[in-house]
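This briefing is intended for a reader new to the structure below.

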Amino acid sequence: MNSRQRTLGHAAALMTILIWGPTYVSTKVLLRDFPPFTVLYPRFVIGYAFLWCLRPRLLPPSGWKKELLFAGAGLTGVTLYFLLENIALTYTFASNVGIIVAVVPFFTALLAHFLLKGEGFSRRFFLGFAAAFTGIFLIMANGAFILELNPVGDVLALGAAFVWAVYSILMKKIGVNTSNMVICTRRIFFYGIVLMIPALFVLPVNMEWHLMLKPVNALNLLYLGLFASALCFLSWNRVVEILGAVKSSVYIYMVPVVAVVASALILGERLTWISLTGILLTLCGVMISEYRKKTRKGARR
């Protein structure tokens, strides 16, 4: 892998996080009128339709083992992760969900260490993890030194973090021989949507079109479906293919940073010195985790 590819991978990861960060705000707005599943299902149907428009052809079957990987990615990265996250947001604060989901890189590093070749972790990774997690805690506390916890919501958020780590590992395995990321991502969405169907018979659903067509709801659904789902999944899958599961997951640390800024700009929430300190620590944590000493050969270039 050359430096140009690595730069592209880091740029794509940053763009993805800048779009993903405000999704907490969009989801919270939609949850005022809809239950969690009603927010989730249209979001990925919109994303799936958009991906069909981008590349309207089928991906030839590639064997049952590869199909199981696609199904596993759809189950973990689409169905379980977002269902757990959306339900968690109804039980607890977005800040609680954000700080717990931020342990994704740690889960990913542990799984990758045992399941993937060349995806080990070092002391520097754990040092960066500690710095970033401290920063995230300060961001989410945002001036209140007592972080209120809700056992149900927090356990669901922890489950969401774990299944996203599993998704990252599966995408690394899928991406090794994948040449068309649009069709690959669309197939993952397909399995995710199909695997959501059983939830229709268990969870509350409210598909009232007059609520769906309200400008604020329609715009947020389009944002979540087109940008945060279709485009961001494409870019994130490419990032995992280029950078690897561990390096790419480190960027998850930056989601709370973007979320705080988005909350300040959109919801008018005040930025305190504590949250600003948290942003700095989080960015430092990312840089520490990503830092690599140059080899002598590289230094001569």
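The largest cavity has a lining of 14 residues, and Trp20, Tyr24, Tyr81, Glu85 and Val255 are the ones nearest its centre. The model is predicted, with local features requiring pLDDT of at least 70 and side-chain atom pairs pLDDT 80 or more, while totals for chains, interfaces and linings use all residues. Residues are numbered from 1 along each chain as its sequence is written, and side-chain values use heavy atoms, without hydrogens and water.

**Cavity**
- On a 1 Å grid over the protein atoms alone, a cavity is a set of points where a 1.4 Å probe fits but cannot get out, and lining residues have an atom within 4 Å of a point.
- The whole structure has one cavity of 30 Å³ or more.
- The largest cavity holds about 200 Å³ of space, a volume being the space filled by probe spheres set on the grid points, which are joined across faces, edges and corners.

**Lining**
- At least two lining residues come from each of helix 2 (23-30), helix 4 (64-91), helix 5 (94-101) and helix 13 (255-267); helices are DSSP runs (H or I, at least four residues) numbered from the N terminus.
- Helix 4 contributes the most, with three residues.
- The lining comprises 10 nonpolar, two polar and two charged residues (Ala, Val, Leu, Ile, Met, Phe, Trp, Tyr, Cys and Pro count as nonpolar, Asp, Glu, Lys and Arg as charged, the others, Gly among them, as polar).

Methods: 1 Å grid on protein atoms, 1.4 Å probe; cavity = no way out; pocket = protein on both sides within 12 Å on 5 of 7 lines; lining within 4 Å.
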